[in-house]
Amino acid sequence: MNYGNPKLRELLAGEYVLGLLRGAARRRFQRLLIEDARLCKGVVDWEGKLAAWNRNLKPLAPPDSVWRKLQVRLKADAQPREKPSGWPARRALWSGAVTLATALVLVVGVFIGRSLVTPPGAPAYVAVMSSAQGRPLWLISVYSKSRRIDMQALANNTPPAGKSYELWMLPGHGKPVAMGLMNSEGLASASLNPRIIAALVSAKGLAISIEPYGGSPTGQPTGPVVYVAPIVST
Amino acid sequence: MTLSAQTPLDKTRVLMDLLHGCAQGQQSSFQKLYQLTSPQLFAILVRILKRRDWAEEALQDAFLSVWRNAASYTAQKGAPLTWLVSICRYRALDLLRREHREVYLESSGDEDGDAWLTEFADQSQADDFISHAEARALKRCLDELNEGQRNSLRLAYFDGCSHEEIASVLRAPLGTVKSWVRRGLQGLKHCLEAA
(Lines give C-alpha, C1' and ligand atoms only; values in the text may rest on other atoms or scores of the structure.)
Protein backbone atom coordinates (compact mmCIF):
# COMPACT_ATOMS: atom_id res chain seq x y z
CA MET A 1 0.00 0.00 0.00
CA ASN A 2 1.28 3.43 -0.86
CA TYR A 3 1.48 5.38 2.39
CA GLY A 4 3.14 8.29 0.59
CA ASN A 5 -0.10 9.44 -0.99
CA PRO A 6 -1.55 12.13 1.33
CA LYS A 7 -5.16 11.47 0.30
CA LEU A 8 -4.81 7.79 0.94
CA ARG A 9 -3.13 8.42 4.28
CA GLU A 10 -6.03 10.63 5.20
CA LEU A 11 -8.48 7.85 4.35
CA LEU A 12 -6.49 5.18 6.14
CA ALA A 13 -6.40 7.35 9.25
CA GLY A 14 -10.18 7.72 9.02
CA GLU A 15 -10.69 3.98 8.55
CA TYR A 16 -8.38 3.30 11.47
CA VAL A 17 -10.43 5.57 13.73
CA LEU A 18 -13.66 3.97 12.52
CA GLY A 19 -12.19 0.58 13.47
CA LEU A 20 -12.20 -0.68 9.90
CA LEU A 21 -8.51 -1.55 9.62
CA ARG A 22 -8.08 -5.11 10.79
CA GLY A 23 -5.37 -7.72 11.07
CA ALA A 24 -2.14 -7.07 9.24
CA ALA A 25 -3.33 -3.76 7.77
CA ARG A 26 -4.08 -2.49 11.26
CA ARG A 27 -0.74 -3.66 12.63
CA ARG A 28 1.13 -2.01 9.76
CA PHE A 29 -0.74 1.20 10.37
CA GLN A 30 -0.01 1.12 14.12
CA ARG A 31 3.65 0.51 13.40
CA LEU A 32 3.69 3.54 11.11
CA LEU A 33 2.08 5.68 13.82
CA ILE A 34 5.17 5.19 15.98
CA GLU A 35 7.39 7.02 13.54
CA ASP A 36 5.04 9.24 11.61
CA ALA A 37 3.89 12.33 13.49
CA ARG A 38 1.82 13.56 10.56
CA LEU A 39 -0.12 10.34 10.43
CA CYS A 40 -0.71 10.64 14.19
CA LYS A 41 -2.13 14.07 13.60
CA GLY A 42 -4.41 12.63 10.92
CA VAL A 43 -5.72 10.10 13.44
CA VAL A 44 -6.26 12.73 16.13
CA ASP A 45 -8.08 14.93 13.59
CA TRP A 46 -10.50 12.16 12.74
CA GLU A 47 -10.99 11.24 16.38
CA GLY A 48 -11.93 14.85 17.06
CA LYS A 49 -14.22 15.20 14.06
CA LEU A 50 -16.18 12.04 14.82
CA ALA A 51 -16.28 12.49 18.61
CA ALA A 52 -19.01 15.10 18.21
CA TRP A 53 -21.26 12.30 17.01
CA ASN A 54 -21.27 10.87 20.53
CA ARG A 55 -23.16 13.89 21.74
CA ASN A 56 -26.25 12.11 20.54
CA LEU A 57 -25.82 9.18 22.86
CA LYS A 58 -27.69 9.52 26.09
CA PRO A 59 -25.26 9.27 29.03
CA LEU A 60 -25.66 6.08 31.00
CA ALA A 61 -24.27 5.77 34.52
CA PRO A 62 -22.26 2.57 35.00
CA PRO A 63 -23.11 0.47 38.08
CA ASP A 64 -21.18 1.30 41.26
CA SER A 65 -19.48 -2.08 41.10
CA VAL A 66 -17.34 -0.82 38.20
CA TRP A 67 -15.82 1.90 40.35
CA ARG A 68 -15.27 -0.52 43.23
CA LYS A 69 -13.48 -3.02 40.99
CA LEU A 70 -11.46 -0.22 39.50
CA GLN A 71 -10.30 0.82 42.96
CA VAL A 72 -9.18 -2.73 43.69
CA ARG A 73 -7.20 -2.78 40.46
CA LEU A 74 -5.66 0.61 41.24
CA LYS A 75 -4.52 -0.64 44.62
CA ALA A 76 -3.07 -3.71 42.98
CA ASP A 77 -1.29 -1.39 40.59
CA ALA A 78 0.38 0.34 43.52
CA GLN A 79 1.35 -2.95 45.19
CA PRO A 80 2.31 -5.20 42.33
CA ARG A 81 2.93 -8.36 44.38
CA GLU A 82 -0.49 -8.39 45.96
CA LYS A 83 -2.35 -7.91 42.75
CA PRO A 84 -5.35 -10.21 42.64
CA SER A 85 -5.37 -12.34 39.58
CA GLY A 86 -7.31 -10.59 36.89
CA TRP A 87 -6.75 -13.56 34.67
CA PRO A 88 -9.79 -14.06 32.55
CA ALA A 89 -11.23 -17.47 31.92
CA ARG A 90 -11.04 -18.26 28.27
CA ARG A 91 -12.03 -21.86 28.10
CA ALA A 92 -13.69 -21.62 24.74
CA LEU A 93 -10.64 -20.13 23.10
CA TRP A 94 -8.52 -22.62 24.92
CA SER A 95 -10.28 -25.79 23.85
CA GLY A 96 -10.24 -24.76 20.22
CA ALA A 97 -6.59 -23.96 20.36
CA VAL A 98 -5.64 -27.27 21.94
CA THR A 99 -6.42 -29.59 19.07
CA LEU A 100 -5.24 -27.17 16.44
CA ALA A 101 -1.97 -26.41 18.15
CA THR A 102 -1.24 -30.05 18.83
CA ALA A 103 -1.56 -30.78 15.16
CA LEU A 104 0.61 -27.84 14.29
CA VAL A 105 3.36 -28.84 16.68
CA LEU A 106 4.01 -31.85 14.50
CA VAL A 107 3.92 -29.96 11.23
CA VAL A 108 5.85 -26.89 12.28
CA GLY A 109 8.25 -28.79 14.50
CA VAL A 110 9.57 -30.68 11.51
CA PHE A 111 9.75 -27.55 9.44
CA ILE A 112 11.57 -25.48 12.04
CA GLY A 113 13.83 -28.27 13.19
CA ARG A 114 15.74 -27.89 9.96
CA SER A 115 16.21 -24.16 10.18
CA LEU A 116 17.99 -24.14 13.52
CA VAL A 117 21.70 -23.91 13.00
CA THR A 118 22.82 -26.01 15.93
CA PRO A 119 20.03 -28.14 17.31
CA PRO A 120 20.80 -28.26 21.06
CA GLY A 121 19.29 -31.66 21.66
CA ALA A 122 15.59 -32.21 21.71
CA PRO A 123 13.44 -29.71 23.59
CA ALA A 124 11.64 -31.04 26.66
CA TYR A 125 8.51 -29.01 25.87
CA VAL A 126 7.13 -27.29 22.83
CA ALA A 127 4.14 -25.07 22.20
CA VAL A 128 2.81 -23.39 19.09
CA MET A 129 1.09 -20.05 19.42
CA SER A 130 -1.43 -19.62 16.65
CA SER A 131 -3.77 -16.89 15.54
CA ALA A 132 -7.52 -17.37 15.90
CA GLN A 133 -7.51 -18.34 12.22
CA GLY A 134 -5.01 -21.09 12.95
CA ARG A 135 -1.95 -19.43 11.45
CA PRO A 136 1.14 -20.45 13.46
CA LEU A 137 2.85 -17.38 14.93
CA TRP A 138 5.57 -18.71 17.23
CA LEU A 139 7.14 -22.03 18.01
CA ILE A 140 8.25 -22.07 21.63
CA SER A 141 10.75 -24.71 22.75
CA VAL A 142 12.01 -25.26 26.27
CA TYR A 143 15.27 -27.10 26.85
CA SER A 144 15.33 -28.28 30.44
CA LYS A 145 19.00 -29.30 30.60
CA SER A 146 20.33 -26.00 29.36
CA ARG A 147 17.44 -24.13 31.06
CA ARG A 148 16.75 -22.31 27.86
CA ILE A 149 13.68 -21.15 26.02
CA ASP A 150 13.69 -20.56 22.26
CA MET A 151 11.05 -18.47 20.61
CA GLN A 152 10.99 -18.87 16.88
CA ALA A 153 8.69 -16.36 15.19
CA LEU A 154 6.89 -18.01 12.29
CA ALA A 155 5.41 -14.79 11.00
CA ASN A 156 6.06 -11.11 11.43
CA ASN A 157 4.47 -10.69 14.85
CA THR A 158 4.77 -6.99 15.48
CA PRO A 159 2.84 -5.96 18.60
CA PRO A 160 0.47 -2.97 18.48
CA ALA A 161 2.08 0.46 18.65
CA GLY A 162 3.70 1.14 22.00
CA LYS A 163 3.00 -2.39 23.27
CA SER A 164 4.89 -5.61 23.86
CA TYR A 165 3.82 -9.24 23.69
CA GLU A 166 4.55 -10.97 26.96
CA LEU A 167 4.67 -14.73 27.52
CA TRP A 168 3.09 -16.32 30.58
CA MET A 169 2.98 -19.79 31.99
CA LEU A 170 -0.40 -20.82 33.34
CA PRO A 171 0.55 -23.05 36.26
CA GLY A 172 -1.68 -25.87 37.48
CA HIS A 173 -2.58 -23.70 40.46
CA GLY A 174 -2.23 -20.01 41.10
CA LYS A 175 -1.47 -16.94 39.07
CA PRO A 176 0.23 -16.72 35.70
CA VAL A 177 4.03 -16.60 35.82
CA ALA A 178 5.90 -14.17 33.59
CA MET A 179 8.28 -15.86 31.15
CA GLY A 180 9.54 -12.84 29.27
CA LEU A 181 8.81 -10.75 26.20
CA MET A 182 8.21 -12.24 22.79
CA ASN A 183 10.32 -11.38 19.77
CA SER A 184 8.47 -10.13 16.72
CA GLU A 185 10.63 -11.98 14.19
CA GLY A 186 13.45 -14.47 13.88
CA LEU A 187 14.72 -16.64 16.70
CA ALA A 188 15.19 -15.38 20.25
CA SER A 189 16.56 -17.32 23.20
CA ALA A 190 16.49 -16.65 26.90
CA SER A 191 17.48 -18.54 30.01
CA LEU A 192 14.70 -19.77 32.25
CA ASN A 193 14.39 -19.92 35.99
CA PRO A 194 14.64 -23.62 37.07
CA ARG A 195 11.48 -23.20 39.11
CA ILE A 196 9.55 -22.25 36.00
CA ILE A 197 10.94 -25.27 34.16
CA ALA A 198 9.92 -27.51 37.05
CA ALA A 199 6.39 -26.09 37.02
CA LEU A 200 5.93 -26.69 33.29
CA VAL A 201 5.13 -30.38 33.92
CA SER A 202 1.84 -29.53 35.57
CA ALA A 203 1.16 -26.24 33.75
CA LYS A 204 -2.13 -25.71 31.96
CA GLY A 205 -0.43 -23.98 29.08
CA LEU A 206 1.24 -20.85 27.85
CA ALA A 207 -0.39 -17.55 27.03
CA ILE A 208 0.58 -14.27 25.44
CA SER A 209 -0.90 -10.98 26.49
CA ILE A 210 -0.51 -7.47 25.16
CA GLU A 211 1.32 -5.35 27.71
CA PRO A 212 2.70 -1.83 27.88
CA TYR A 213 5.98 -1.50 26.02
CA GLY A 214 8.68 -3.34 27.98
CA GLY A 215 6.29 -5.71 29.71
CA SER A 216 3.68 -5.77 32.44
CA PRO A 217 4.46 -3.22 35.17
CA THR A 218 2.79 -5.38 37.82
CA GLY A 219 4.22 -8.84 37.26
CA GLN A 220 0.78 -10.05 36.26
CA PRO A 221 -1.00 -9.77 32.91
CA THR A 222 -2.63 -6.36 32.60
CA GLY A 223 -3.64 -6.37 28.94
CA PRO A 224 -5.83 -8.66 26.85
CA VAL A 225 -4.76 -12.28 26.40
CA VAL A 226 -4.40 -12.73 22.70
CA TYR A 227 -3.00 -16.24 22.31
CA VAL A 228 -2.97 -19.40 24.36
CA ALA A 229 -1.42 -22.76 23.61
CA PRO A 230 -1.06 -26.08 25.37
CA ILE A 231 2.39 -27.31 26.32
CA VAL A 232 3.40 -30.52 24.64
CA SER A 233 5.89 -32.67 26.48
CA THR A 234 8.19 -34.38 23.99
CA MET B 1 -18.99 19.11 41.24
CA THR B 2 -21.56 20.52 38.88
CA LEU B 3 -20.70 21.51 35.40
CA SER B 4 -24.09 22.41 34.09
CA ALA B 5 -23.48 26.14 34.09
CA GLN B 6 -20.20 25.89 32.29
CA THR B 7 -19.45 26.10 28.61
CA PRO B 8 -17.79 23.16 26.83
CA LEU B 9 -14.56 25.13 26.87
CA ASP B 10 -14.66 25.51 30.66
CA LYS B 11 -15.44 21.84 30.98
CA THR B 12 -12.51 20.97 28.78
CA ARG B 13 -10.26 22.93 31.13
CA VAL B 14 -11.70 21.07 34.10
CA LEU B 15 -10.89 17.76 32.43
CA MET B 16 -7.37 18.94 31.65
CA ASP B 17 -6.86 19.86 35.31
CA LEU B 18 -8.11 16.46 36.36
CA LEU B 19 -5.86 14.64 33.91
CA HIS B 20 -2.96 16.69 35.22
CA GLY B 21 -3.95 15.65 38.75
CA CYS B 22 -4.01 11.98 37.67
CA ALA B 23 -0.56 12.39 36.18
CA GLN B 24 0.57 13.60 39.62
CA GLY B 25 -0.90 10.47 41.17
CA GLN B 26 -3.88 12.19 42.82
CA GLN B 27 -6.62 9.63 43.30
CA SER B 28 -9.16 12.37 44.05
CA SER B 29 -8.65 13.76 40.54
CA PHE B 30 -9.11 10.32 39.13
CA GLN B 31 -12.34 9.84 41.01
CA LYS B 32 -13.71 13.17 39.79
CA LEU B 33 -12.69 12.38 36.25
CA TYR B 34 -14.53 9.08 36.55
CA GLN B 35 -17.65 10.69 37.97
CA LEU B 36 -17.74 13.33 35.26
CA THR B 37 -17.03 11.25 32.20
CA SER B 38 -18.00 7.65 32.91
CA PRO B 39 -21.71 8.02 32.00
CA GLN B 40 -20.83 9.35 28.57
CA LEU B 41 -18.10 6.75 28.03
CA PHE B 42 -20.24 3.90 29.33
CA ALA B 43 -22.99 4.84 26.88
CA ILE B 44 -20.50 4.62 24.02
CA LEU B 45 -19.23 1.25 25.21
CA VAL B 46 -22.69 -0.24 25.67
CA ARG B 47 -23.63 0.91 22.20
CA ILE B 48 -20.57 -0.60 20.55
CA LEU B 49 -20.33 -3.79 22.60
CA LYS B 50 -24.09 -4.43 23.02
CA ARG B 51 -23.40 -6.29 26.24
CA ARG B 52 -23.32 -4.57 29.58
CA ASP B 53 -20.86 -6.98 31.15
CA TRP B 54 -18.39 -6.36 28.34
CA ALA B 55 -18.97 -2.64 28.53
CA GLU B 56 -18.26 -2.71 32.27
CA GLU B 57 -15.06 -4.66 31.70
CA ALA B 58 -13.97 -2.30 28.92
CA LEU B 59 -14.76 0.75 31.06
CA GLN B 60 -12.57 -0.58 33.87
CA ASP B 61 -9.74 -1.37 31.49
CA ALA B 62 -10.03 2.03 29.83
CA PHE B 63 -9.93 3.95 33.10
CA LEU B 64 -7.01 1.91 34.35
CA SER B 65 -5.22 2.83 31.17
CA VAL B 66 -6.19 6.49 31.65
CA TRP B 67 -4.72 6.42 35.16
CA ARG B 68 -1.50 4.90 33.92
CA ASN B 69 -1.14 7.07 30.87
CA ALA B 70 -2.45 10.40 32.14
CA ALA B 71 1.08 11.77 32.16
CA SER B 72 1.36 11.21 28.43
CA TYR B 73 -1.73 13.29 27.66
CA THR B 74 -0.97 16.56 25.86
CA ALA B 75 -3.10 18.85 23.73
CA GLN B 76 -1.52 17.15 20.70
CA LYS B 77 -3.63 14.10 21.47
CA GLY B 78 -6.82 16.06 20.98
CA ALA B 79 -9.41 17.40 23.40
CA PRO B 80 -9.41 15.54 26.72
CA LEU B 81 -12.82 14.00 26.19
CA THR B 82 -11.87 12.93 22.67
CA TRP B 83 -8.77 11.28 24.11
CA LEU B 84 -10.89 9.42 26.67
CA VAL B 85 -13.46 8.43 24.05
CA SER B 86 -10.69 7.07 21.83
CA ILE B 87 -9.15 5.00 24.61
CA CYS B 88 -12.57 3.47 25.27
CA ARG B 89 -13.34 2.89 21.61
CA TYR B 90 -10.04 1.16 20.83
CA ARG B 91 -10.43 -0.97 23.94
CA ALA B 92 -13.92 -1.96 22.82
CA LEU B 93 -12.71 -2.74 19.31
CA ASP B 94 -9.95 -4.96 20.73
CA LEU B 95 -12.54 -6.76 22.78
CA LEU B 96 -14.80 -7.28 19.77
CA ARG B 97 -11.96 -8.74 17.73
CA ARG B 98 -10.94 -11.00 20.56
CA GLU B 99 -14.40 -12.32 21.26
CA HIS B 100 -15.48 -12.66 17.63
CA ARG B 101 -18.79 -11.27 18.61
CA GLU B 102 -21.74 -12.10 16.45
CA VAL B 103 -23.29 -8.94 15.23
CA TYR B 104 -26.78 -8.23 16.15
CA LEU B 105 -27.96 -4.80 15.41
CA GLU B 106 -31.47 -4.07 16.38
CA SER B 107 -32.07 -0.99 14.25
CA SER B 108 -29.34 -1.33 11.69
CA GLY B 109 -31.26 -2.31 8.63
CA ASP B 110 -33.84 0.40 9.14
CA GLU B 111 -34.24 3.05 6.56
CA ASP B 112 -34.38 5.55 9.35
CA GLY B 113 -31.33 4.12 11.05
CA ASP B 114 -30.27 7.64 11.83
CA ALA B 115 -33.45 8.47 13.67
CA TRP B 116 -31.73 8.25 17.01
CA LEU B 117 -29.22 10.75 15.73
CA THR B 118 -31.78 13.47 15.35
CA GLU B 119 -33.73 12.31 18.35
CA PHE B 120 -31.10 13.50 20.78
CA ALA B 121 -29.45 16.12 18.66
CA ASP B 122 -31.26 19.05 20.16
CA GLN B 123 -31.39 17.78 23.66
CA SER B 124 -29.15 19.69 25.95
CA GLN B 125 -27.34 17.41 28.33
CA ALA B 126 -26.07 18.75 31.62
CA ASP B 127 -22.82 16.90 31.55
CA ASP B 128 -22.14 17.24 27.89
CA PHE B 129 -18.62 18.17 26.93
CA ILE B 130 -19.12 18.57 23.23
CA SER B 131 -20.35 21.87 21.97
CA HIS B 132 -23.70 21.97 20.33
CA ALA B 133 -22.14 23.79 17.39
CA GLU B 134 -19.71 20.97 16.71
CA ALA B 135 -22.43 18.35 16.89
CA ARG B 136 -24.65 20.43 14.61
CA ALA B 137 -21.87 20.89 12.05
CA LEU B 138 -21.24 17.15 12.03
CA LYS B 139 -24.92 16.39 11.63
CA ARG B 140 -25.25 18.84 8.74
CA CYS B 141 -22.28 17.25 7.00
CA LEU B 142 -23.54 13.72 7.63
CA ASP B 143 -26.85 14.79 6.11
CA GLU B 144 -25.00 15.72 2.92
CA LEU B 145 -23.76 12.16 2.46
CA ASN B 146 -25.89 9.60 0.72
CA GLU B 147 -27.66 7.02 2.82
CA GLY B 148 -25.25 4.19 2.10
CA GLN B 149 -22.26 6.32 3.02
CA ARG B 150 -23.85 7.63 6.20
CA ASN B 151 -25.03 4.22 7.36
CA SER B 152 -21.65 2.65 6.65
CA LEU B 153 -19.86 5.24 8.78
CA ARG B 154 -22.46 4.91 11.51
CA LEU B 155 -22.25 1.10 11.66
CA ALA B 156 -18.46 1.25 11.84
CA TYR B 157 -18.25 4.04 14.39
CA PHE B 158 -21.09 3.14 16.72
CA ASP B 159 -21.41 -0.59 16.28
CA GLY B 160 -17.82 -1.60 15.61
CA CYS B 161 -18.82 -3.36 12.38
CA SER B 162 -16.24 -4.57 9.89
CA HIS B 163 -16.63 -3.93 6.15
CA GLU B 164 -18.07 -7.43 5.81
CA GLU B 165 -20.55 -6.92 8.63
CA ILE B 166 -21.67 -3.59 7.16
CA ALA B 167 -22.15 -5.31 3.81
CA SER B 168 -24.35 -7.95 5.38
CA VAL B 169 -26.38 -5.48 7.43
CA LEU B 170 -26.95 -3.11 4.50
CA ARG B 171 -27.29 -5.99 2.02
CA ALA B 172 -24.76 -4.40 -0.31
CA PRO B 173 -21.69 -5.82 -2.08
CA LEU B 174 -18.42 -5.53 -0.18
CA GLY B 175 -16.85 -3.34 -2.86
CA THR B 176 -19.75 -0.92 -2.66
CA VAL B 177 -19.41 -0.69 1.11
CA LYS B 178 -15.68 0.00 0.86
CA SER B 179 -16.31 2.82 -1.56
CA TRP B 180 -19.20 4.19 0.58
CA VAL B 181 -16.82 4.37 3.53
CA ARG B 182 -14.09 6.14 1.58
CA ARG B 183 -16.44 8.55 -0.19
CA GLY B 184 -18.22 9.13 3.11
CA LEU B 185 -14.97 10.02 4.86
CA GLN B 186 -13.89 12.27 1.99
CA GLY B 187 -17.23 14.02 1.90
CA LEU B 188 -17.28 14.50 5.65
CA LYS B 189 -13.81 15.95 5.75
CA HIS B 190 -14.49 18.26 2.84
CA CYS B 191 -17.72 19.51 4.37
CA LEU B 192 -16.37 19.94 7.93
CA GLU B 193 -13.30 21.82 6.76
CA ALA B 194 -15.26 24.07 4.46
CA ALA B 195 -17.51 25.15 7.32
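## Salt bridges

A:E15 and B:R182 form a salt bridge, with their closest N and O atoms 3.1 Å apart; the term denotes a side-chain nitrogen of Lys or Arg within 4 Å of a carboxyl oxygen of Asp or Glu. Because A:E15 belongs to helix 1 of chain A and B:R182 to helix 9 of chain B, the pair joins two chains. Helices (H or I, at least four residues) are DSSP runs numbered from the N terminus, as are strands (E, at least two).

A second salt bridge links the side chains of B:D61 and A:R73, at 2.9 Å from N to O.

## Basis of the values

The model is predicted, and local features require pLDDT of at least 70, side-chain atom pairs count only at pLDDT 80 or more, and totals for chains, interfaces and linings use all residues. Residues are numbered from 1 along each chain as its sequence is written, chains are lettered from A and ligands numbered from 1 in the order in which they are written, and side-chain values use heavy atoms, with hydrogens and water left out.

## The interface of chain A and chain B

Chain A contributes 49 residues to the contact and chain B contributes 71 residues, contact meaning heavy atoms within 4.5 Å. About 5800 Å² is buried between the two chains, and carbon and sulfur atoms give 62% of that area. Buried area is the accessible area (1.4 Å probe) that two parts lose on being put together, summed over both.

## Helix 3 of chain A against helix 9 of chain B

Helix 3 of chain A packs on helix 9 (residues 174-194) of chain B at an angle of about 80°, the axes being 12 Å apart. The two helices are therefore roughly perpendicular, a class that covers angles of 65 to 115 degrees, whereas those under 35 count as roughly parallel, those over 145 as roughly antiparallel and the rest as oblique. Axes are lines fitted to C-alpha atoms, for helices over the stretch in contact, and angles run from 0 to 180 degrees between N-to-C directions.

From helix 3 of chain A, the residues in contact are A:W46, A:K49 and A:L50; helix 9 of chain B supplies B:L185, B:L188, B:K189, B:L192 and B:E193.

## Helix 8 and helix 9 of chain B

Within chain B, the axes of helix 8 (residues 163-170) and helix 9 come within 9 Å and cross at roughly 110°. B:H163, B:E164, B:I166, B:A167 and B:L170 of helix 8 meet B:L174, B:V177, B:K178, B:W180 and B:V181 of helix 9.
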